[in-house]
Amino acid sequence: MNRPRTSILAVLGAAALVGSLAAAPTAFAAPAPETAAKTASANTVSAYAGSAENEAANRAFFDAVMKSALKKQAAKPGIQVVTVTYNTSRAPSFRSQIARSTQIWNSSVSNVKLQETSSTGNFQYREGNDSRGSYASTDGHGRGYIFLDYRQNQQYNSTRVTAHETGHVLGLPDHYSGPCSELMSGGGPGTSCTNATPNAQERQRVNSLWANGIATLKDKGELTTVR
């Protein structure tokens, strides 16, 4: 898999982001890719149940989405909340889970908002079969998607899987050794875990990441002043 070629960390110049995005060791490695993985093989991938390149994938997805979202909003008169748009046309079977995940995240954080769009969006949701299960994937050039695997979403709580992968879009790393109460522990706690809500630390981290991104670009004169 390729390493991400560009990084919002360099653009923002915020050292705090580096520490915030440090991923914990994975609980177990995902199996080799098959079906949909042929498309994702050239990209960095962060899988729900573990991946050798989780840290790179986490950063790449967050970098791409934040740059894309801020670029679209830079022309607006004031930015208090960054809107990240997504498209669900390629994941029709999971529309209810995606809608619930969006509701959970939008009620949990204040500096970034998820919003569905019929256009391209900042990222996509896709569905299908993949031996790695569900994952977040990006090519590092502003194009990313969340893949929702059929079989895994039958084994694990589907809303938790969706909300977990969406957490990567917002900048959160995996932490498979964490408890069920920690959304980004992913598949670590096992199939009985149904929690789909980020804990206080995860909510604070997302708010901090997006606030720091906006503030840094505003200080550099790349965004208009917040009113």
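Helices (H or I, at least four residues) and strands (E, at least two) are DSSP runs, numbered from the N terminus. Thr102 lies in helix α5. This is a predicted model, in which local features need pLDDT of at least 70, side-chain atom pairs count only at pLDDT 80 or more, and totals for chains, interfaces and linings use all residues. Residues are numbered from 1 along each chain as its sequence is written, and side-chain values use heavy atoms, without hydrogens or water.

Thr102 is buried, at 8% relative accessible area (buried means under 20%, with a 1.4 Å probe and protein chains only). Beyond neighbours within four places in sequence, Thr102 is in contact (heavy atoms within 4.5 Å) with Tyr86 and Leu114.

Residues on the two sides are listed here.

| Helix | Range | Residues in the contact |
|---|---|---|
| α5 | residues 95–108 | Gln97, Ile98, Arg100, Ser101, Ile104, Trp105 |
| α7 | residues 158–169 | Ser158, Thr159, Thr162, Ala163, Thr166, Gly167 |

These residues divide into four nonpolar, seven polar and one charged. Gly counts as polar. The two axes (lines fitted to C-alpha atoms over the stretch in contact) come within 9 Å and cross at roughly 55°.

Val206 is in contact with Trp105, Val109, Val112, Leu170 and Leu172, leaving aside neighbours within four places in sequence.

Technical notes:
Axes fitted to C-alpha atoms, helices over the stretch in contact; angles between N-to-C directions. Buried < 20%, exposed > 50% of the residue type's maximum accessible area, 1.4 Å probe, protein only.
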